[in-house]
Amino acid sequence: MSGITGAQIRAARALLRWTAEELAKSVGIGVMTVRRAEAEDGPPSITAANLKLIRITLEEAGIEFIERNGGGVGVRFKKPE
């Protein structure tokens, strides 16, 4: 589930116009953990549990993560239900 990249986390945060501090507070983790997760374009070097929390928090805020599907990974806003 939590197989997202640092680049996707950065992009999701940008779409939401959240600072790293805002994401950290929403997730309940330290801001340095968010910065470490975003430092790599590929898989983040943080615990799987923290990565899962980041993903869930961003999804609950309206982000949809796009898996690798020919066009590459990405993020977008979820369609309104």
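Colleague: Which residues of H2 meet H3?
Modeller: Ala20, Glu21, Leu23 and Ala24 in H2 meet Val31, Val34 and Arg35 in H3. Contact means heavy atoms within 4.5 Å, and helices are DSSP runs of H or I with at least four residues, numbered from the N terminus, while strands are E runs of at least two.

Colleague: What should I know about the model itself?
Modeller: This is a predicted model, in which local features need pLDDT of at least 70 and side-chain atom pairs count only at pLDDT 80 or more, while totals for chains, interfaces and linings use all residues. Residues are numbered from 1 along each chain as its sequence is written, and side-chain values use heavy atoms, with hydrogens and water left out.

Colleague: Back to the helices: at what angle do the axes of H2 and H3 cross?
Modeller: They cross at roughly 115° and come within 8 Å; axes are lines fitted to C-alpha atoms, for helices over the stretch in contact, with angles from 0 to 180 degrees between N-to-C directions. H2 is therefore roughly perpendicular to H3, a label given to angles of 65 to 115 degrees.

Colleague: How far is Glu21 from Pro80?
Modeller: The two are 27 Å apart in space, C-alpha to C-alpha, and 59 residues apart in sequence.

Colleague: Now Glu38 in H3. Why does it count as buried?
Modeller: Glu38 counts as buried because its relative accessibility is 8%. Its side chain is joined to that of Arg13 by a polar contact of 2.7 Å, that is, a pair of N or O atoms within 3.5 Å, where within protein one must be able to donate a hydrogen and the other to accept it, and residues adjacent in sequence count only if both atoms are side-chain atoms. Beyond four places in sequence, Glu38 touches Gly6, Ile9, Arg10 and Arg13.

Colleague: How many residues has the largest nonpolar core?
Modeller: It has 18 residues; such a core is a set of buried Ala, Val, Leu, Ile, Met, Phe, Trp, Tyr and Cys residues joined through side-chain atoms within 4.5 Å. H2 gives the most to this core, with four residues.

Methods: Buried < 20%, exposed > 50% of the residue type's maximum accessible area, 1.4 Å probe, protein only. Parallel < 35°, antiparallel > 145°, perpendicular 65-115°, else oblique.
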